[in-house]
Each structure stands twice: as C-alpha cells, then as structure tokens.
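Hello,

Here is the structure we spoke of handing over. My notes on the pocket, the core and the aromatic rings follow below.

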Amino acid sequence: MKKLVFATALAFFALGSQAQVLKSNFLNGYKEGDKLEKSVYTEKKAPIELDTWCGAFSSKPNQFASPLIGKDLTYNGYAEKGPSISFGGFEAGQKGARFSVYSISEGKEYSRGTLYLSCLVNFSKLGGSGLADFVGMSPSYVGGSNRSNIYVAREGSDQIRFGISFLKLRGETTMAYDYDKTHLLVLKLDYDNQTAQLFVDPKLDAQEPAEADCTVNGDEENILKHAIRAISFRNRSGYIGNVGNFRLSDSWDGVIAQ
C-alpha cells in the first residue's frame with residue numbers, strides 16, 4: 001500500500017510539473033541541415049499553421065531563404081536538448097534579415113498571468129555593434145508587432161551583452177558574456193505587473209532568482225494587452241551562431257521541469 005501511495009504521489013508531482021510547460025519540442029523531428037520553415041504566410045489572414053515554423057507574412061516579397069537547422073545545444077540542468085536554428089545562410093553580398101514564426105495559437109489563451117520563454121543561444125560573431133533583436137513574442141500568428149524581444153550586442157571586442165524590450169521600451173544587461181559559449185536565456189513577460197525581465201544563465205533550482213539581469217517596466221504609453229500567438233526568430237546577415245531549445249511556460253517550475 002505504501003509503495004502504491006508513493007508511486008501515485010510521484011505521478012501527480014510529474015503531472016503538476018508538466019502542466020507548467022505550455023509548449024516545448026519546437027524543433028522536434030528536425031535534423032542538422034533541414035530547412036526551418038515548412039511554409040510561408042502570404043496573407044495577413046491566412047489559416048494558422050499551428051505549432052509549425054513558417055515564414056512570417058511580409059507585404060514585400062522576401063528575398064532571403066529559410067534558415068537552416070544547426071548543431072545541438074545543451075545546458076547543464078536544462079531539459080530541452082537537441083538541434084538549433086543557425087544564423088546566416090545568406091548568399092554572398094546579401095544584407096538584411098528574415099522573420100520566421102512558430103504559431104502557437106489564434107486565440108487569447110496566452111493573454112494573462114506570466115509567460116516564460118526560455119531558449120539556448122551561442123554566438124561566435126555579431127554583424128552590428130548595437131542591440132539587435134533575434135527572438136520575440138508576437139500577438140499575430142503570422143508575425144509582426146512583437147510585444148517583447150530578446151536582443152544581443154557587442155561588448156568590446158571579445159564579449160557580448162543581452163537586452164529585452166517591453167513594447168517600445170528597451171533595457172540591457174550590465175554584465176557581459178562570452179562568445180562561443182552556450183547561454184540559457186529566460187524572458188519573463190508579466191501581464192499583471194506590466195514588466196518584462198531577462199534572466200541570463202540563471203541557477204536552475206526550485207526558486208526563481210530574486211533579481212533579473214534586466215528589467216523593463218511598462219508605462220502609461222506602453223501597456224501590454226494583447227495575447228501572444230507566435231514566437232519569432234529573426235535571422236540576420238553577418239551574424240554567426242545558433243539559437244534553439246525553446247520552451248514556453250507559465251511559471252518558473254515550467255522552466256526547470258524535467
């Protein structure tokens with residue numbers, strides 16, 4: 001009887017932890033060299049391609065090809081493992097960027113409480129000196145008008161720093177981080193407190209860190225209202241690196257869940 005009770009308790013604990021994870025395995029079934037996008041949104045009101053990577057809608061024809069799948073990324077203690085998305089792949093002389101989106105909903109279920117978007121990233125080269133966004137959370141499943149982005153920028157000649165946005169407001173980390181090292185990034189978007197926070201390489205224990213590495217607070221002109229319906233990736237020419245192992249959660253428990 002005791003064994004049965006213990007096993008039942010473990011099962012409920014596992015289910016409770018999993019319930020905190022809203023979306024995971026964003027690159028399930030992909031292998032290195034595959035094209036990321038399965039299709040392209042050609043209209044603003046095109047039918048949703050749920051839980052699928054697609055080219056974001058653009059009013060102008062996009063001259064850049066789909067990003068490609070790259071090497072595996074891992075981070076000690078973080079359960080999401082496997083392939084990533086490679087930056088680059090542009091033809092010689094091409095400059096610009098391409099948005100890809102992973103559509104998660106056409107409804108309003110992701111419009112309250114707190115959302116945590118975690119991912120792994122590893123950069124070896126940055127094409128620009130200023131903050132440049134590469135991952136975001138969009139209210140449109142076809143892409144555009146991101147409500148919160150993760151940014152990266154050079155820090156001197158041998159390090160990088162990260163930043164985030166909350167609608168039109170931006171902030172950046174005071175710490176610098178290494179190239180050619182896999183970093184865990186956790187973007188926290190809080191509807192109740194109207195804030196965005198970024199945790200860089202946080203400790204993966206039961207408690208959310210008391211302080212974020214970057215915090216941006218909303219104001220009277222920047223108020224988060226709309227639901228999140230897509231995760232976006234911006235592939236930029238001149239950038240070399242990988243990003244992947246995404247997970248969308250509604251609590252810190254979801255970020256650290258195995």
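Please keep in mind that this is a predicted model.

By class, the lining of the largest pocket has four nonpolar, four polar and two charged residues. Those residues are Ala56, Phe57, Ser58, Asn62, Ala97, Arg98, Phe99, Gly143, Gly144 and Arg234. Strand S6 (residues 97–103) gives the most to this lining, with three residues. The volume of the pocket comes to about 150 Å³.

Leaving out residues up to four places away in sequence, the contacts of Val243 include Leu73, Phe87, Cys119, Phe134 and Phe233.

On the rings: there are 14 aromatic pairs in the structure. Phe87 and Phe123 have ring centres 5.1 Å apart and planes at 45 degrees, so this pair is tilted. Phe87 sits in the loop between strands S5 and S6, and Phe123 lies 36 residues away in strand S7. Relative accessibility is 7% for Phe87, which counts as buried, and 1% for Phe123, also buried. Phe87 also pairs edge-to-face with Phe134, at 6.2 Å centre to centre and 65 degrees between the planes. Phe134 belongs to strand S8 (residues 132–138), 47 residues from Phe87. Ring pairs join Phe87, Phe123, Phe134, Phe233 and Tyr239 into a cluster.

Regards

Terms used
Residues are numbered from 1 along each chain as its sequence is written. This is a predicted model: local features need pLDDT of at least 70, side-chain atom pairs count only at pLDDT 80 or more; totals for chains, interfaces and linings use all residues. Side-chain values use heavy atoms; hydrogens and water are left out. On a 1 Å grid over the protein atoms alone, a cavity is a set of points where a 1.4 Å probe fits but cannot get out, and a pocket is an open set with protein on both sides within 12 Å along at least five of seven lines; lining residues have an atom within 4 Å of a point. Grid points are joined across faces, edges and corners, and a volume is the space filled by probe spheres set on the points. Helices (H or I, at least four residues) and strands (E, at least two) are DSSP runs, numbered from the N terminus. Ala, Val, Leu, Ile, Met, Phe, Trp, Tyr, Cys and Pro count as nonpolar, Asp, Glu, Lys and Arg as charged, and the others, Gly among them, as polar. Contact means heavy atoms within 4.5 Å. Rings of Phe, Tyr and Trp (its six-membered ring) pair if their centres lie within 6.5 Å; planes under 30 degrees apart count as stacked, over 60 as edge-to-face and the rest as tilted. Buried means under 20% relative accessible area, exposed over 50%, partly exposed in between (1.4 Å probe, protein chains only).
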